[in-house]
Amino acid sequence: MHSADYDLLRQLCAVRAPSGNEGPMRDFLLEYVQANMQNWKVQPQLVYGDDFQDCLILVFGKPRTAIFAHTDSIGFTVRYDNKLVQIGGPVLKTGTKLVGSDSAGEIESTVLFDEEIGLLCLDSLRQIERGTEMTFKPVWREDDEFVQCCYLDNRLGVYSALKTAETITDGAIVFSCWEEHGGGSVSYLIKYLYEQYRIRQALISDITWVTEGVHPGHGVVISMRDRSLPRRSFVNKIIGHGKESGIPYQLEVEEHGGSDGKEIQASPYPIDWIFIGAAEDHVHSPDEKVHKKDIDSMVDFYNYLMEKL
């Protein structure tokens, strides 16, 4: 993989798009797709607009399988007197740099923990407008083995989907919203895909955790279960493809955690799904860290699966 590829990932990590305000990421993706799709194997149909809120669907040929990648991130909303309310589950740490903007201009401030009231607040000399969204200040770090930045969850899932888009002949890529804060968009997205195209297979392009059983540099993770239980026959089918492909992979079994898969499973449609993604250290912090070998195997495996499924 070339440095230009990682430059796209760096750009994605810098877009401010916390849950509920994914419009800036949808616009970035539209611009990127329209500028690059003439170089792809098949030019997709772009599905977006009022009926899809801030989501975007790319439809290639006659789709059988859809990739889901959520575009939102964790973050904070400014309440009153510069106090903060969490969006999703960010790591809470005094001294963390946050960025945002309100009608008075750009904001860069530091998180403080007010021991007296037990609330997070911003160390800002001015009152920031209530409702202003704040996100981690991106600091990109890269060496021979790792990339590190805030919001690799899930900008890396988006990146992998965009790289896979270059070779898809038949399939769909779905850029969804609200995943970090309870979900809500996947139910209408899956309705559209099933009713329009009878899609029955979904791959969740998201980021999981480094644990005692999942290690950096050992390949993409196929999640056999988390809080949700995908159908075992479909899990076995994907593991079979993993073995045949020769691409490095790891198997994950977790009790907690969730993804867009939980909304697919709760939908009234007979759609199989599975979570496949790279594992990261320092989850939901400004210092999320992923091994480059795992990024490579994630992109390679998605390309392989979209051809085979």
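Residues are numbered from 1 along each chain as its sequence is written, and because the model is predicted, local features need pLDDT of at least 70 and side-chain atom pairs count only at pLDDT 80 or more, whereas totals for chains, interfaces and linings use all residues. Side-chain values use heavy atoms, with hydrogens and water left out.

**First stop: helix 2 and helix 3**

Select residues 23–36, which form helix 2, together with residues 152–165, which form helix 3; helices here are DSSP runs (H or I, at least four residues) and strands likewise (E, at least two), numbered from the N terminus. Their axes, which are lines fitted to C-alpha atoms over the stretch in contact, with angles running from 0 to 180 degrees between N-to-C directions, come within 12 Å and cross at roughly 20°. Helix 2 and helix 3 are therefore roughly parallel to each other (angles under 35 degrees count as roughly parallel, over 145 as roughly antiparallel, 65 to 115 as roughly perpendicular and the rest as oblique). Now show the side chains of Met25, Leu29, Tyr32 and Val33 on helix 2 and of Arg155, Val158 and Leu162 on helix 3, which make the contact (heavy atoms within 4.5 Å). These contact residues divide into six nonpolar, no polar and one charged.

**Second stop: an aromatic cluster**

Next, select Phe52, Tyr192 and Tyr197, which ring pairs link into a cluster; rings of Phe, Tyr and Trp (its six-membered ring) pair if their centres lie within 6.5 Å, and planes under 30 degrees apart count as stacked, over 60 as edge-to-face and the rest as tilted. The whole structure holds six aromatic pairs. In one of them, the ring centres of phenylalanine 52 and tyrosine 192 are 5.1 Å apart and the planes stand at 90°, so the pair is edge-to-face. Phenylalanine 52 lies in the loop between strand 1 (45–47) and strand 2 (56–60), and tyrosine 192 in helix 4 (residues 186–197), so the pair ties together parts that are 140 residues apart in sequence. Both phenylalanine 52 and tyrosine 192 are buried (under 20% relative accessible area, with exposed over 50% and partly exposed in between, for a 1.4 Å probe and protein chains only). Tyrosine 192 also pairs edge-to-face with tyrosine 197, at 6.2 Å centre to centre and 75° between the planes.

Finally, select helix 5 (residues 232–245) and helix 7 (residues 292–308), whose axes come within 11 Å and cross at roughly 115°. Helix 5 and helix 7 are therefore roughly perpendicular to each other.

Notes: Nonpolar A, V, L, I, M, F, W, Y, C, P; charged D, E, K, R; others polar.
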